[in-house]
Every structure is written in structure tokens, then in C-alpha cells.
Amino acid sequence: MNQSINILHHGAITGVTGSCHELQLGEAGLLIDCGSFQGRDKRDDLQIDFAIAHIRALIVTHVHIDHIGRIPYLLAAGFSGPIYCSVPSALLLPTMLEDALKIGFTNNKALIADVLAKVQAQLQPLPFDQWQPIAGMVLRIRLQRAGHILGSAYVECATPSQTIVFSGDLGAPHSPLLMAPFPPEQADVLVLESTYGDKDHDSRIDRRLRLKAAIEHALQDGGTLLIPAFSLGRTQDLLYEIEGLISEFGQDNAGLGLPWHELEIVVDSPLAANFTELYRKLKPFWNLEAQARLREGRHPLAFEQMTVINSHQDHLQAVQFLARNHKPYIVLAGSGMCTGGRVVNYLKALLPEARNDVLFVGYQAEGTPGRAILDYGPAFVPASSHLATKDQPAQPEISSLSAPWVELDGQRYPIRVKVHQVSGYSAHAGQADLIAFATAISPHVKQIRLVHGETQAKAALQKKLQALLPNTEVLIP
């Protein structure tokens with residue numbers, strides 16, 4: 001007897017955060033992700049506001065906080081079932097959750113240890129491309145590589161009557177370190193992310209040239225290039241690419257005042273440092289290009305020019321030093337959307353000085369300081385048109401300051417730095433990548449549900465998909 005199938009969305013409906021989806025099969029349910037809300041969607045109350053007694057298992061597509069941040073609240077609400085994820089995600093998840101708990105929940109070490117112990121007890125790592133039955137449901141799941149961050153997966157859920165695929169977050173092809181995602185062989189329903197449903201990214205070649213151009217321009221006047229970067233995924237990608245630029249252009253100074261091989265790269269994020277070390281432990285999951293670098297004796301995530309700052313005191317000293325120093329430096333600091341963390345202290349010190357630069361390489365959600373800096377800061381536009389960075393929107397009328405400003409910790413800071421954006425380093429697939437993923441499934445899916453995107457991104461992707469798949473129902477839940 002066929003059981004009724006229903007899909008509910010408990011997050012990532014009106015924006016790109018809070019991913020949490022439920023597949024109901026009869027009276028039983030399966031959760032796919034249980035993430036926190038950020039930016040405009042941020043909530044003070046993260047308590048689970050939906051029924052969970054019927055939930056048989058939780059599937060974690062990857063360990064970004066907007067996909068796992070509510071797991072402690074899920075456990076507190078009584079969920080005791082298995083937590084399935086990929087093998088790399090099982091290694092990365094406790095570190096990410098521990099940091100999230102310290103920042104947003106409690107400093108009580110015993111309580112944090114208790115939560116992490118429960119998570120570890122319920123974690124069940126799965127190999128990619130292997131079917132796993134779900135106890136209490138007539139259902140099998142299979143994880144496939146999503147190419148977003150190391151360990152990221154999309155989930156195939158096979159019932160006796162149909163297959164439902166949850167994309168999680170998909171990555172762009174040719175990403176540093178990661179194997180590219182391949183679409184599923186079949187699906188009746190596809191729950192598809194749409195973060196960049198309205199735009200495409202640069203090619204790997206173009207974005208590398210733009211990264212090089214941004215670095216060279218930013219450092220010509222002896223300023224600091226600050227890159228707000230997510231501790232997991234983006235930081236490791238950038239270190240990989242910077243090591244490649246140093247290897248290729250080591251003796252070339254390109255107007256920097258010093259050769260590439262003398263550039264100092266500062267990673268000021270203990271969490272990013274921890275994840276970088278875990279990435280090194282997960283070398284068997286790296287792609288072929290990265291494996292080739294290792295065989296050449298290179299160390300793309302631990303090279304000579306790289307310095308890691310751990311202690312808070314060393315961090316404060318680094319901020320003061322760079323604010324008054326006129327030697328070129330590159331600083332990678334979290335958080336990626338400038339909502340907190342050590343990057344905020346750098347922004348306070350560096351934003352008012354025109355000799356400094358800020359480079360964004362990832363998505364900036366509405367309502368975050370990163371989005372404000374990106375929208376209103378002075379854009380850098382290189383002479384070569386194919387290296388142009390970002391469209392500059394109209395700046396708001398500001399009477400109290402002679403420059404655009406951003407609010408950090410309740411105080412306004414003028415934005416006099418040059419602002420760069422290299423979108424190709426986003427960990428998310430662009431519009432063309434999302435369309436390619438959805439349209440490659442044969443026969444075509446019967447229904448696509450667009451989640452994890454802002455209104456205009458979902459609408460643009462819906463229009464494209466409906467034109468290409470006229471017999472497919474494309475919904476915005």
C-alpha cells in the first residue's frame with residue numbers, strides 16, 4: 001500500500017538561511033538539515049517550533065551553521081534518532097557546533113561537552129554513493145557529492161513510489177580541492193537551493209585573474225587587504241589559490257613593492273585554523289588537482305608565507321600593527337558576512353583608511369554588515385574590462401559622514417577602503433550550474449521546489465526552469 005508523501009519546509013523559505021526540510025512518509029518523518037537563521041532572518045529564539053515525535057532520522061547535508069545550528073535545540077526537544085552525514089562531515093561537525101554553542105548559546109564547558117557527546121553518540125557517518133535504509137520508514141537514502149565544501153552532499157530519498165532529491169547546497173564546478181557534483185540519475189521531485197538563482201559566477205580562470213588583480217591593486221599602496229572569509233570552505237579555497245599564485249608568480253613583484261613569494265598571509269581565526277588542519281587530515285577526499293600538488297611536494301594549506309594567529313591578545317596586537325603599518329599584508333578573518341568574530345575589529349581599524357581594501361568572495365545576506373559594505377563602499381574597477389569587479393548601486397544620502405558608513409557594534413564607521421568582489425569563489429553554484437543540475441536528470445523531474453534563496457533569485461531561476469522544462473511544475477514554497 002502506498003503511503004502519502006508530503007514535503008514541509010521549516011526554514012530557508014524567505015531567505016538563504018535556516019535550512020530545515022521534512023519529508024513525511026505516512027505517519028513518519030525524515031529531517032534534512034536543521035540550521036540557524038542569519039542576517040535579515042536572524043531569530044533570537046531558536047527553539048524547535050514543529051512536531052518531532054514522528055521524526056525517525058536527521059540527514060546533515062553539510063556542516064555550515066545555517067544547516068546545523070539548531071541541532072542542539074533539536075536534541076533538547078527530545079530527538080534521539082540517528083544523525084546521518086558523510087564521513088568528512090562527521091569529522092567537521094563537532095568543531096563547528098562547539099564554536100556555535102560558545103558564541104550563541106553558553107560558555108558552560110560541561111554543558112557544551114554534554115551536547116557534543118550526544119551528537120557524537122547519534123552520528124552515523126555514511127560513505128558516498130551507498131544506500132542506507134531508514135528504520136521505521138519504507139525509505140532508503142543515499143548521499144552524493146555536492147561540491148559545496150568538503151563532505152557536502154545532496155540526498156536521494158527513494159520510496160517505493162518515487163524518488164525525492166534534496167540538493168543541500170550545490171557547489172560550482174572546478175572548485176579548489178573539491179570533486180565536482182554530478183546530478184542524480186533520476187528524481188521525481190527536486191528540492192533545489194537557489195542562492196545564486198539570478199546570476200552566474202566567473203570561470204576558474206577568470207576568477208583567479210580577478211583575485212590576482214585585486215591583490216595586486218590592493219597592496220600597491222602599502223595597505224592591508226582584508227578578506228572576510230567563512231572559516232570552513234572559503235578560507236581553505238583561498239589559501240589553496242593564493243599558494244598557487246605564489247608558486248606561479250613568486251619572483252614577480254607586479255608593482256607590489258615586493259615579490260609574491262615575500263607576501264605575508266595572515267589567517268586570524270582559530271576556528272579556520274582548526275578546520276584547515278582537519279582539511280589536511282581529509283586529503284583522501286581532495287580532488288585530483290589537489291592530489292597532484294601534494295605529489296609535487298607542495299603544501300597548499302600550510303605554506304611558508306602563511307601565519308596563523310590564535311590567541312586573542314595576539315589578534316589585538318595584529319589589528320593595531322596593521323592599522324599603522326605600511327607593508328602589504330593579506331588577512332583572512334571570520335566571519336564571512338562580518339556579523340561577528342575577529343573580522344569586526346579589523347574593519348573598525350581599517351575601514352576609515354583609503355589605503356586599505358576589502359575583498360568579498362562569498363555571499364553577503366541582506367541585513368549583514370558585509371552586505372552594507374559591499375553595496376555602499378567605493379567599488380574598485382580595474383582598467384581591464386574583463387576584470388571588472390562589481391556593479392556600484394546608488395549610495396544612500398548620508399549627512400553625518402563624508403563617506404558611506406556601516407554600523408559595527410552600535411557605532412558608525414566610514415567606508416573609505418576600496419571594495420572588491422570576486423564572486424567566482426562562492427561555494428554556491430551559479431544560475432547556469434543549478435539549471436544544468438536540474439535539467440540533466442532524465443526523465444525530467446515532475447516537480448522542483450525552490451528554497452534557500454532571496455525572492456528575486458528564486459523568481460529568476462523559476463522563470464528559466466519553467467522555460468526549459470515546460471512539463472515540470474516549478475514551485476516557490
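The model is predicted, so local features need pLDDT of at least 70 and side-chain atom pairs count only at pLDDT 80 or more, while totals for chains, interfaces and linings use all residues. Residues are numbered from 1 along each chain as its sequence is written, and side-chain values use heavy atoms, with hydrogens and water left out.

**Exercise 1. Describe how α9 and α10 pack.**

Step 1: Find the elements. Helices (H or I, at least four residues) and strands (E, at least two) are DSSP runs, numbered from the N terminus. Helix α9 covers residues 312–324 and helix α10 residues 343–350.

Step 2: Take the geometry. The two axes come within 9 Å and cross at roughly 25 degrees. Axes are lines fitted to C-alpha atoms, for helices over the stretch in contact, and angles run from 0 to 180 degrees between N-to-C directions.

Step 3: Name the arrangement. The angle makes α9 roughly parallel to α10; angles under 35 degrees count as roughly parallel, over 145 as roughly antiparallel, 65 to 115 as roughly perpendicular and the rest as oblique.

Step 4: List the contact (heavy atoms within 4.5 Å). From α9 come H315, L316, A318, V319, L322 and A323, and from α10 come N345, Y346, A349 and L350. These divide into eight nonpolar, two polar and no charged residues. Here Ala, Val, Leu, Ile, Met, Phe, Trp, Tyr, Cys and Pro count as nonpolar, Asp, Glu, Lys and Arg as charged, and the others, Gly among them, as polar.

**Exercise 2. Which strands stand at the edges of the open sheet?**

Step 1: The order of its six strands is β1-β2-β3-β4-β5-β6, with mixed pairing. Two strands pair if DSSP finds at least two bridges between them.

Step 2: β1 (5–9) and β6 (123–126) are the edge strands; each has a single partner strand, so one side of each is left without a neighbour in the sheet.

Step 3: β5 (residues 83–86) and β6 run parallel, joined by four bridges, and C85 has P125 as its bridge partner in β6. Helix α4 (residues 109–122) lies across β5 and β6, at about 45 degrees to β6.

**Exercise 3. Follow the pairing from β7 to β8 and on to β9.**

Step 1: β7 (residues 132–133) and β8 (residues 140–145) run antiparallel and share two bridges; Q132 pairs with I141.

Step 2: Six residues lie between these strands in the hairpin, where G136 has a positive phi near 85 degrees.

Step 3: β8 and β9 (residues 153–158) are antiparallel over six bridges, with R145 opposite A153.

**Exercise 4. How many aromatic pairs does the structure hold?**

Step 1: Rings of Phe, Tyr and Trp (its six-membered ring) pair if their centres lie within 6.5 Å; planes under 30 degrees apart count as stacked, over 60 as edge-to-face and the rest as tilted. There are three such pairs.

Step 2: One of them, Y196 with Y363, is edge-to-face at 5.7 Å centre to centre, with 90 degrees between the planes. Y196 and Y363 are 167 residues apart.
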